[in-house]
Amino acid sequence: MSRSLFARHGRRAFSVIGGGTEALSGVHPVARRSIIDLSYSAHFMDFKGSSIPSSMRKLVVTKLSPNFKEAVSLQTGPVPTPGDGDLLVRNRFVGINASDINYSAGRYDPSVKPPFDAGFEGIGEVVGLGLSASSHYTVGDTVAYFGNGAFAEYTVVPAKGSVPVPSVKPEFLTLLVSGATAYIALKRLGDLAKGETVLVTAAAGGTGQFAVQFAKQAGCHVVGTCSSNEKAGFLKTIGCDRPINYTSEDLAKTLRKEYPRGMDVVYESVGGSVFDLAVNSLANKGRLIVIGFISGYQTASGIPSIKGGTLPVKLLQKSASVRGFFLPHFPDDYKEALGSMMQMFSQGKLVCELDCGDLSQDGRFVGLESVFRAVDYMYAGKNLGKVVVEVAPPNVSNSKL
């Protein structure tokens, strides 16, 4: 992803949600509580019911760096006040993304200078809202959102860019970015056909797990790369036909031997040498979808080196293509994707695997201070599924304003 991408499109993150509070297929909202008439005020807060404190903690980028610990600090500040069309959300869970360090390095929007808030996605309860927002939401509603500033105990988000969810289940959080990326990328760029062979790199990760399932649902034979036998076992449970543990098997040799015809589609998120291997493994008319290149994000440039000089001739020889995917470029597809995934999840047809760090050295990721650990954990390749941090337990006792 280029440095200018987020500058042009990142501010549309909230609008990508599309559809706001309209009912999503398969999701049955809980009964809503009526609210008293507060038309004399610009906003209102559930002080008693939610015990909103006078201050909160949040993660702030204070220095541009791909080293998350170096770039970000945990700070205390006032709880923000929602504007007329906004919601104040008490975050219960936040999602960890590979792009978090691209953001902390200033790669998405070079015009934004520190300090600025970190984090892309969260889920929690509405504890305050503006008057216009109150026509669709009320205090106590549960929502998920995709937008800047999620690594905080409280976040203000536009009501139009929020997704109503039945409960504060972190599984819903996995769908906002990781699930939507796989769903839309494969649908719009994969051109999947029954019987085709699909390779998913980092298949047991946050987005890879969804790519495996959607490719399998399309009737494809699915190959998935992973780094442990445990992950290989998980991949089998979600329909992966051939998990390949690259720490014990030679990936290139295995693909050449078992799949001499090549891959019809590759869902690629690693970059560098894995990207080169994916290009070499394409079948005639193969499609390689690039959704990221995590292997280079921690470097100074953020871009891993590839053998680009020979790329044109390799694509020409196979009538193959490389297709990039950046979620904010597909706002018109988002609502349908989210509704479809929520319906599949509610029907037990979609696995949303979470990794909350329970098996990590220092235990479960709880509290904003755990975000640093969670980022390192993901970049060490230890996660199985989407990495999620629990910001606050269900019942929080704070001092009131």
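**Stop 1: aromatic pairs**

Let's begin with the aromatic rings: there are 11 aromatic pairs in this predicted model. Rings of Phe, Tyr and Trp (its six-membered ring) count as a pair if their centres lie within 6.5 Å; planes under 30 degrees apart are called stacked, over 60 edge-to-face, and the rest tilted. Before you click further, note that residues are numbered from 1 along each chain as its sequence is written. Because the model is predicted, local features need pLDDT of at least 70 and side-chain atom pairs count only at pLDDT 80 or more, while totals for chains, interfaces and linings use all residues; side-chain values use heavy atoms, with hydrogens and water left out.

Select Phe 293 and Tyr 297. Their rings make an edge-to-face pair, 5.4 Å centre to centre with 65 degrees between the planes. Both Phe 293 and Tyr 297 are buried. Buried means under 20% relative accessible area, exposed means over 50%, and partly exposed lies in between (1.4 Å probe, protein chains only).

Now select Phe 325 and Phe 330. How are these two rings arranged, stacked or edge-to-face? They are stacked, with centres 4.7 Å apart and 20 degrees between the planes. Phe 325 has a relative accessible area of 6%, so it is buried. Phe 330 counts as buried too, because its relative accessibility is 12%.

To finish this stop, select Phe 68, Phe 151 and Phe 372, which form one aromatic cluster.

**Stop 2: Glu 268**

Select Glu 268, which you will find in strand E13 (residues 263-268). Strands (E, at least two residues) and helices (H or I, at least four) are DSSP runs, numbered from the N terminus.

**Stop 3: an open sheet**

Next, select strands E3, E2 and E5. These three strands form an open sheet in the order E3-E2-E5, with antiparallel pairing. Two strands pair if DSSP finds at least two bridges between them. The edge strands, each pairing on one side only, are E3 (72-78) and E5 (116-117).

How many bridges join E2 (residues 55-61) to E3? There are seven. Among the facing residues, Met 56 stands opposite Gly 77 in E3, and Arg 57 has Thr 76 in E3 as its bridge partner. E2 and E5 are joined by two bridges, and Val 60 stands opposite Asp 117 in E5.

**Stop 4: strand E17**

Finally, select strand E17 (residues 386-390), where five of the five residues are buried. Lys 386, Val 388 and Glu 390 are on one side, Val 387 and Val 389 on the other. In a regular strand, side chains alternate between the two faces of the sheet.

Strand E16 (residues 354-355) pairs with E17 in the parallel sense over two bridges, and Leu 354 stands opposite Lys 386.
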